[in-house]
Amino acid sequence: MFSNYVGFAIFLFALLIRFTNAFNIDFYNFLLEINDNRMVIERNNLLISDVDSTKSFNFKLSQDFESLVNDLIVIDNDKDEKSILPYSYDKDTNSIDIDVSDTNGNEIDLNIIIQYSHKLINLKNSVMKDLSDDKQFATISVPKVPQSEYYIHKFESTFINNVSGNNRVLEFGEDEDSYTQNDNQTGYTLKSSIEHIQPLDTAEVVNVSFKITTPMLTAKKAIRNVHLSHWSNTIQFDEHYVIENEVPQLENTFKRKEYMKYQNKNYGQSGLALSQIDAIIPADSFDHYYKDDLGMITTMKTLHNSRTKSDTMVLKPRYPILGKWKFVFNIGWFNKLEQFSHYLAGTSTEDSKEYLLEIPVIDGASNVIYENLDINIILPEGVVVKSIYTPDLNDLPGDFKKPQIEMSKYENLFDYSEEKSSEIKISYSEMNINSNLIKIPNSDNKIFIRYEINNYAVYYQKVIRLSMWIFAGIISLYFLGMINESLQK
Amino acid sequence: MNISNNTKKSILSSISLVLKLAIFICLIGAATSSRLFSVIRYESIIHEFDPWFNYRATRYLVKNGFHKFLNWFDDKTWYPLGRITGGTLYPGLMTTSGAVWYLMNKIMKIQVNIRDVCVLFAPAFSGITAIFTYLFTKNCYNDDQLAGLLSAAFIAIAPGYISRSVAGSYDNEAIAITLLMSTFYLWIKAMRTGSISWACSAAISYFYMVSAWGGYVFITNLIPLHVFILLLMGRYSTKLYSAYSVWYCIGTLASMQIPFVNFQPIRSNDHMSSLGVFGLIQFFMFGDSIKSTISTKNFKIFLKFAVIGLISFGILGLFVLTYFGLIAPWTGRFYSLWDTGYAKDHIPIIASVSEHQPTAWPSFFFDTQFLIWLFPCGVFMLFMELQDEHIFIIAYSVLCSYFAGVMVRLMLTLTPIICVCAAVTLSNVFKYNLRIWSTIKKVKNKSDNRFTELCVLISKLITVLSFLGYLILFVQHCTWVTSNAYSAPSVVLLSGSTDADGSPIFIDDFREAYSWLRYNTDEDAKVAAWWDYGYQIGGFADRTTLVDNNTWNNTHIAIVGKAMSSSEERSYEILKEHDVDYVLIIFGGLLGFNGDDLNKFLWMVRIPEGIWPDEVNEQSFFTADGQFRVDAAASDTMKNCLMYKMSYHDFPGIMGNPTQSTDRVRGATIDESHVLPLKYFEEVFTTENWLVRIYKLKDLDLEGRDLGDVYDMDNTQTKKKSLKKPKLEPRIN
């Protein structure tokens with residue numbers, strides 16, 4: 001009898017909250033996608049009723065916004081042309097307030113897409129027993145039910161594993177039994193469905209595990225230097241990497257004999273150790289190099305692929321990079337400048353020409369997550385920068401995780417005039433840039449610089465100056481000889 | 001149009017000057033480009049061992065400035081002693097390359113890496129050497145321009161000099177030979193003119209040489225020897241007096257400004273000859289002035305007593321001062337110059353260095369080709385004329401011929417004088433035989449001795465053509481030797497095979513191991529390795545080492561040798577006492593690389609044996625019949641020593657046979673049963689071709705047990721676990 005009263009009281013309380021909070025979530029479809037290169041994307045599809053356009057819709061985040069969210073976008077699906085809704089972040093509650101004032105009617109269909117940092121992924125084991133212990137797992141902790149201020153009528157969650165070579169199998173924490181494995185073939189492997197979730201329900205966490213079969217590469221530091229030369233019509237790319245393999249480290253030490261045995265057994269494969277990395281670079285590249293602080297690394301091969309219109313630098317580290325080992329190297333190549341710098345006929349005059357430089361944020365190593373990336377673009381002496389565009393690489397509000405741009409003078413080869421070369425430094429810090437994501441064609445992943453060049457300064461000044469110096473040197477030698485001979489007489 | 005003789009002369013002189021300029025530009029081009037084989041074949045890399053220290057020091061100088069460089073205490077070498085690096089090096093090389101780097105980067109605005117400056121330093125200076133050799137030869141030999149140009153051409157491409165001056169060979173000798181020739185040229189100039197300015201220039205050049213290379217002692221002794229011989233020959237002159245006095249005073253004072261040299265010029269036996277000659281020449285000056293005031297008879301008496309007294313006083317003074325320690329005794333290197341067996345018996349560390357071995361005869365031909373037989377002819381020609389400056393060349397030739405015979409590295413100092421003497425010979429040959437036009441005229445004149453003139457013409461043509469042929473062969477030889485013998489950086493090896501696309505396959509194990517150390521060990525990790533690899537570990541891997549190629553502390557090197565040659569348990573104790581984290585060894589057994597540690601191992605035994613004969617005994621590493629073996633017949637001491645265990649750890653079983661492998665260097669079969677397990681050390685890294693192996697000292701046991709016991713216990717437990725229980729079968733009677 002008493003329990004009936006309690007149940008009725010809870011029902012009344014729920015109704016009260018439901019009507020006082022105005023928003024109701026009729027259907028909440030949660031989808032977590034684990035892709036190649038540790039790319040975790042969360043898609044939250046919410047059908048909301050009782051919309052109060054005078055208030056903003058509060059969406060509680062399951063992970064820390066500042067450290068783990070790389071990108072977040074809110075889309076209103078109701079409109080003919082799906083529109084992006086603005087939102088603001090509330091640090092105290094780790095939630096976002098979505099501005100729904102511009103919506104029509106009292107129902108909305110919202111899509112909240114979140115791309116997470118690789119730091120969300122934790123390794124199940126911190127060590128590998130030996131090299132053959134190469135079946136390692138990574139885990140992601142996600143709340144079993146969403147934390148929301150609003151009543152949720154129905155909640156469905158799905159986990160997708162798109163990591164190639166993993167047989168599309170996701171595994172759950174041992175104590176978890178509320179998820180069902182639906183369809184192995186389509187990849188929609190794990191599903192659960194819960195109804196009537198009360199506002200601010202208890203935060204229960206579920207651990208999702210997935211297999212790791214390839215090295216997990218993180219560029220702790222990457223510097224990309226781009227040198228332009230109009231005189232030689234070339235553009236030079238020089239990239240410096242400090243990459244760490246984040247798979248579990250060996251419990252014991254590295255033994256060459258054991259590694260040789262492992263490779264023999266696995267047809268030359270190196271398992272979770274990195275033995276090769278491919279850098280996809282622009283087509284028609286030339287004069288490639290691959291080196292580290294100790295000199296050239298002699299194992300580089302360059303492949304030209306006419307079909308994909310790109311070149312590939314096949315890079316083998318000096319030694320297999322095991323878990324927690326570092327791989328530090330530099331790669332570089334040249335391209336014709338005209339591939340990247342386009343002449344702007346409309347705005348150019350006879351004395352000064354305008355160009356638009358268009359370069360991707362990154363080329364270089366694939367399947368790498370960049371934690372920090374600095375791009376230095378060095379424009380030649382006599383260049384005036386008109387405008388710079390750098391992609392944000394995320395849609396997060398404010399200056400949060402936006403690239404920093406600095407301009408300074410740079411002393412380049414034979415720069416003697418006051419008007420030295422210009423250096424544009426673009427820094428992406430704590431960004432967790434996923435190389436695979438940023439290389440998607442036609443995405444906003446390019447830097448544009450409009451600049452003007454002074455013909456005399458760029459093409460003739462240095463050459464004339466150098467020629468005069470060489471001539472002066474030789475003629476002074478001749479005169480010295482004459483003086484010497486006359487003194488000897 | 002009539003052109004006056006003066007105008008003609010002036011035009012000819014201008015043409016001659018332009019031609020000379022062109023020849024010098026070509027010579028510099030040839031000298032520089034022939035040294036770039038290593039860069040083309042391999043890459044822009046610092047070679048071998050010592051250059052790595054010089055490069056590291058130069059980087060320090062460029063980064064921290066000259067003042068900090070001179071006061072540099074390096075705590076990353078000779079751990080835990082450290083090294084007062086700034087005070088124990090010759091800074092000339094580093095400061096010069098630092099200045100070049102500064103000039104190019106800051107003034108000329110040519111952005112170059114300090115490594116590239118260091119790599120290309122020696123080729124660039126070889127061009128300057130050629131110019132100084134020209135000037136030296138021309139001044140020494142009757143202002144003969146042809147001899148000068150020939151000597152410059154020879155030194156530009158002679159393998160004897162190229163061996164230490166290819167691109168990447170960033171050693172003191174890279175600059176020292178240039179300075180050697182410049183000092184000698186300026187000395188000859190000073191001696192001939194008696195000019196104080198030339199003597200000052202010679203002293204400054206000498207100071208530069210002192211700052212650059214320990215071999216400056218050669219100049220310190222050769223110039224006094226030259227003066228001494230001249231004095232003995234009665235060729236004292238005021239020119240000689242002013243030249244030597246100015247050179248000695250300024251040069252000695254200047255040289256003492258180098259911290260490493262300090263007071264050695266007045267306290268070391270190596271320098272006493274120059275001081276003695278300085279005293280002697282003062283006496284000659286005094287005698288010369290007295291001679292004009294007293295009678296010849298009295299002067300002779302005075303001279304007799306004075307010379308005897310002076311020599312006695314000098315010798316006595318030398319002994320007394322040496323006895324009281326005011327003059328440092330002769331160094332081991334000095335003794336080993338006179339007695340080639342001295343180092344092996346008394347200072348094994350010197351004997352263990354390959355470049356301190358006596359020179360093999362073929363090396364003379366290999367390094368100088370046909371110049372070697374032109375050399376004595378040149379000396380003979382100079383002997384026939386015997387002018388003051390000729391005596392210098394003769395003294396230089398005789399001294400260096402001997403030194404080059406006893407120590408292979410001194411071929412370097414002999415090469416310039418060989419080039420000079422050979423050029424003198426060839427100049428005379430060409431001068432006589434190239435006068436063909438006059439002989440042809442005589443033949444045409446139909447004189448009585450036309451046949452004789454025809455024979456003379458033919459013989460001249462044959463001689464000239466023969467020598468032209470020799471010169472062509474010389475160029476070919478030099479190019480071949482430089483390309484094939486002297487251009488390998490030794491850090492990277494060519495495998496001899498090529499890839500599918502035709503590119504050569506390199507064996508890059510050294511850098512593989514150093515790279516692993518650099519990027520995957522703690523910054524303050526201490527690495528124990530044989531001293532040969534100390535500079536490379538410091539330069540490439542940037543890690544602390546116990547010993548390096550500086551070899552200043554024999555005891556410290558002996559400690560590492562003792563650790564390598566002792567039992568594992570004892571080695572662990574020794575290395576732990578020195579805070580060592582890793583041990584690096586070179587093993588060539590898989591690849592067939594014969595410069596590995598096992599082949600150097602007996603030096604690791606001999607050096608500590610000299611200090612701890614009770615603990616290390618060379619004989620115990622040999623078999624009963626006195627052989628040094630590593631296979632089944634190896635002695636127990638050998639099999640138990642750390643070097644053996646580390647070299648062959650895990651080696652058996654990697655070549656197909658599960659229990660055996662063949663050591664390709666020593667041709668020995670290594671069976672699994674010969675190699676005892678490592679209990680105190682564990683392998684942390686071995687390179688792809690097993691050339692470099694790195695071991696880590698295991699941490700002390702938390703329960704305080706001996707690591708050997710822990711290993712035995714673990715191993716026994718594992719064995720116990722894997723024991724299969726016998727099947728119990730009912731016993732049926």
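1. Helices (H or I, at least four residues) and strands (E, at least two) are DSSP runs, numbered from the N terminus. On that basis, chain B holds 33 helices and nine strands, while chain A has five helices and 34 strands.

2. This is a predicted model, in which local features need pLDDT of at least 70 and side-chain atom pairs count only at pLDDT 80 or more, whereas totals for chains, interfaces and linings use all residues. Residues are numbered from 1 along each chain as its sequence is written, and chains are lettered from A and ligands numbered from 1 in the order in which they are written.

3. The model scores ipTM 0.85 and pTM 0.88. For pLDDT, the predictor's confidence in each residue from 0 to 100, chain B has a mean of 90, with 96% of its residues at 70 or more. Where pLDDT is low, predicted coordinates should not be read in detail.

4. The C-alpha trace of chain B spans about 135 × 65 × 60 Å along its principal axes. An automatic or database domain assignment supplies the domain bounds: domain 1 (120-426), domain 2 (434-484) and domain 3 (553-718) of chain B. The centres of domain 2 and domain 3 of chain B, taken over C-alpha atoms, are separated by 64 Å.

5. A residue is buried if 20 or more other C-beta atoms lie within 10 Å of its own, exposed if 12 or fewer, and partly exposed in between, with C-beta atoms placed from the backbone. Of the 733 residues of chain B, 43% are buried; in chain A, buried residues make up 32% of 489.

6. Two residues are in contact if their C-beta atoms, placed from the backbone, lie within 7 Å. In chain B, residues 24 or more positions apart account for 69% of the contacts with a separation of 6 or more. For chain A, 77% of the contacts between residues at least 6 apart in sequence join residues at least 24 apart.

7. A nonpolar core is a set of buried Ala, Val, Leu, Ile, Met, Phe, Trp, Tyr and Cys residues joined through C-beta atoms within 7 Å. The largest has 295 residues, and those with the most contacts inside it include B:Met209, B:Trp247 and B:Val583. Helix H10 (residues 173-193) of chain B gives the largest share of this core, 14 residues. Leaving aside neighbours within four places in sequence, B:Val583 is in contact with B:Ala528, B:Leu575, B:Met646, B:Phe681 and B:Tyr695.

8. The UniProt record, an unreviewed entry, places the feature "domain: STT3/PglB/AglB core" at residues 526-576 of chain B. UniProt positions follow the numbering used here, feature names are shortened, and annotations may be inferred rather than shown by experiment. Over residues 526-576 of chain B, the chain is 57% helix and 10% strand, with its end C-alpha atoms 11 Å apart.

9. B:Ser567 lies in the loop between helix H28 (554-565) and helix H29 (568-577) of chain B. B:Ser567 is partly exposed because 15 other C-beta atoms lie within 10 Å. Leaving aside neighbours within four places in sequence, B:Ser567 is in contact with B:Asn640 and B:Cys641.

10. At the interface, 28 residues of chain A are in contact with 29 residues of chain B. The elements of chain A that give two or more residues to the side touching chain B are helix H3 (256-265), strand S22 (295-296), strand S25 (326-336) and helix H5 (455-488). H5(A) gives the most, with five residues.
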